[in-house]
Amino acid sequence: MPYAPVYQKYLELSTLVHDKKDFYLLTADEKYLLRSLNHYWVGDKKVTVLTALNETNHMSHNRVFRNLKKLREKGFLSLEVSKTDNRIKYILPTKLTLNYFNEHGKILTKFCSELLKEIQH
């Protein structure tokens with residue numbers, strides 16, 4: 001089975017998510033940062049700003065901080081101050097962010113389903 005058409009189909013379906021209102025506004029850095037943060041959110045773990053700064057290897061701290069700020073302005077993130085230490089701020093997903101990842105999950109499910117049908121024929 002040639003894999004290039006499979007990948008092309010995935011890209012076409014993935015583009016459907018990025019073309020939706022609100023989602024197309026995200027830069028590549030912002031998408032990368034959201035994906036990095038989602039790793040924590042899916043595991044029901046809280047992620048701090050400091051953790052985000054330290055765990056994004058290909059971006060400088062200033063760049064990460066700037067993108068966190070942009071994502072907050074665009075409505076994709078909110079911050080929660082720790083109840084025990086005012087210096088600690090947790091990064092939380094908003095409904096818009098959850099919708100963004102849910103849309104990607106739907107696309108991936110559709111992709112897998114269509115791929116399975118093609119393999120079975």
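I took two strands as paired if DSSP finds at least two bridges between them. Helices (H or I, at least four residues) and strands (E, at least two) are DSSP runs, numbered from the N terminus. The model is predicted, so I noted that local features need pLDDT of at least 70, side-chain atom pairs count only at pLDDT 80 or more, and totals for chains, interfaces and linings use all residues. Residues are numbered from 1 along each chain as its sequence is written, and side-chain values use heavy atoms, with hydrogens and water left out.

Elements. I found five helices and three strands in the chain, running α-α-β-α-α-β-β-α from the N terminus.

Sheet. I looked up the strand order: the sheet is open, reads β1-β3-β2, and pairs antiparallel. β1 (47-48) and β2 (77-81) are the edge strands with a single partner each, so one side of each has no neighbour in the sheet. Five bridges join β2 to β3 (residues 89-93) in the antiparallel sense. Leu-77 has Pro-93 of β3 as its bridge partner.

Helix on sheet. I then saw that α2 packs on the sheet and touches β1, β2 and β3 (contact means heavy atoms within 4.5 Å). The direction of α2 makes about 95° with that of β3; angles run from 0 to 180 degrees between N-to-C directions, with axes fitted to C-alpha atoms, for helices over the stretch in contact.

Helix on helix. α2 (residues 28-42) also packs with α5 (residues 95-120), at about 90° and with axes 12 Å apart. On the α2 side I listed Lys-31, Leu-34, Arg-35, Asn-38 and Trp-41; on the α5 side, Thr-97, Tyr-100 and Phe-101.
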